[in-house]
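Please read it alongside the sequence and the structure.

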Amino acid sequence: MTKVVVLDYGSGNLRSVQRALEAAGANVTVSSSMEAAAAADGLVVPGVGAFEACMRGLRAVQGPRIIERRLAGGRSVLGICVGMQVMFEAGDEHGLVTPGCAQWPGRVERLPAQVLPHMGWNTVAPPAGSRLFEGLAQERFYFLHSYAALDLPMPDAGTERVTPPALTWTEYAAPFVAAVENGPLSATQFHPEKSGKAGIALLRNWLGSL
């Protein structure tokens, strides 16, 4: 059975994520141990609340180092909600700019909506060939957030050879990134663990890629 560690750094719906992953077929441990996170087939980084608080919690358990070491070795990481946001260079909340894990360029910003948070079910538009959303293009997923990545800027093709991440989009007052698939690093702005059968199916797709 696929072994997954849910990283415990004081943020996120840890037990809900654990139960959803178990329903998808994984053997799940909730842990802050670097050794456990390094040994697992997959690492899940959940997150709720403020970007700055999540980064503070991650740094306390050497989360950025754990994530960097896994990705450098081509080993899978899945970020959820603020666990996705912290993969970007920075988060801007109420004028407070906090450096993130910098796995992707760009900044997480407040959604330009009159009513926040963006809470409830929404459709998504995955790219063709998405492994994460295989069989799920028509499904809806559960969102609960006020901040998001409105873009994921990439270097010009002529200046650096990179394979651009596969982006899934949705919209709430403006388009924003709902999910990213980028080699061993994947992430969702929505909560798979709160998205019913569609969320379990997405987690099963992720487990199948490990």
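Throughout, buried means under 20% relative accessible area, exposed means over 50%, and partly exposed lies in between, with a 1.4 Å probe and protein chains only. This is a predicted model, in which local features need pLDDT of at least 70 and side-chain atom pairs count only at pLDDT 80 or more, while totals for chains, interfaces and linings use all residues. Residues are numbered from 1 along each chain as its sequence is written, and side-chain values use heavy atoms, with hydrogens and water left out. Helices (H or I, at least four residues) and strands (E, at least two) are DSSP runs numbered from the N terminus.

- Seven strands form an open sheet in the order 2-1-3-4-13-12-11 with mixed pairing, where two strands pair if DSSP finds at least two bridges between them.
- The edges of this sheet are strand 2 (27-31) and strand 11, each of which pairs on one side only.
- From one strand to the next the twist averages 25 degrees, the axes being lines fitted to C-alpha atoms (for helices over the stretch in contact) and the angles running from 0 to 180 degrees between N-to-C directions.
- Strand 4 and strand 13 are paired in the parallel sense over four bridges, and Leu 78 stands opposite Ser 186 in strand 13.
- Helix 1 packs on the sheet, where it touches strand 1, strand 2, strand 3 and strand 4, and its direction makes about 165 degrees with that of strand 2.

**Helix 6**

- Helix 6 lies across strand 1, strand 3, strand 4 and strand 13, and runs at about 160 degrees to strand 4.
- The 13 residues of helix 6 (residues 196-208) should span 18 Å at 1.5 Å a residue, and the end C-alpha atoms, 19 Å apart, agree with this; the expected span is 1.5 Å times one less than the number of residues.
- The buried residues of helix 6 include Ala 198, Ile 200, Leu 203 and Trp 206.
- Those buried residues pack against strand 1 (3-7), helix 1 (14-23), strand 3 (42-45), strand 4 (76-80), strand 9 and strand 13 (185-188), contact meaning heavy atoms within 4.5 Å.

- An open sheet of four strands, with mixed pairing, has the order 6-5-7-10.
- Strand 6 (96-99) and strand 10 (147-149) stand at its edges with a single partner strand each, so one side of each is left without a neighbour in the sheet.
- On average, neighbouring strands of this sheet are turned by 20 degrees against each other, direction ignored.
- Strand 5 (residues 88-93) pairs with strand 7 (residues 104-110) in the parallel sense over three bridges, and Ala 90 stands opposite Arg 107 in strand 7.
- Helix 3 (residues 51-60) lies across strand 5, strand 6 and strand 7, running at about 30 degrees to strand 6.

**Cysteines**

- A search of the whole structure finds zero disulfides, a disulfide being a pair of cysteine sulfur atoms within 2.5 Å.
- Cys 54 is in no disulfide, and the nearest cysteine sulfur, that of Cys 81, is 8.3 Å away; at 1% relative accessibility, Cys 54 counts as buried.
- Cys 101 is in no disulfide either, the nearest cysteine sulfur being that of Cys 54 at 10 Å, and its relative accessibility of 13% makes Cys 101 buried.
- Cys 81 is found in the loop between strand 4 and helix 5 (82-85), where its phi is near 55 degrees, a positive value in a residue other than glycine; at 3% relative accessibility, Cys 81 counts as buried.

- His 145 is in strand 9 (residues 140-145) and counts as buried at 5% relative accessibility.
- The side chain of His 145 reaches the backbone oxygen of Tyr 147 at 2.8 Å.
- Leaving aside neighbours within four places in sequence, His 145 is in contact with Leu 111, Pro 117, His 118, Phe 176 and Gln 189.
- Pro 117 is in the loop between strand 7 and strand 8 (118-123), and the peptide bond from Leu 116 to Pro 117 is cis, with omega near 5 degrees.

**Other loop residues**

- Pro 184, in the loop between strand 12 (175-182) and strand 13, counts as partly exposed at 23% relative accessibility.
- Not counting residues up to four places away in sequence, Pro 184 touches Leu 71, Gly 74, Arg 75, Ser 76 and Val 77.
- Ala 173, in the loop between strand 11 (166-171) and strand 12, has a positive phi near 70 degrees and is exposed, with a relative accessible area of 53%.

Note on methods:
A polar contact is a pair of N or O atoms within 3.5 Å; within protein, one must be able to donate a hydrogen and the other to accept it, and residues adjacent in sequence count only if both atoms are side-chain atoms.
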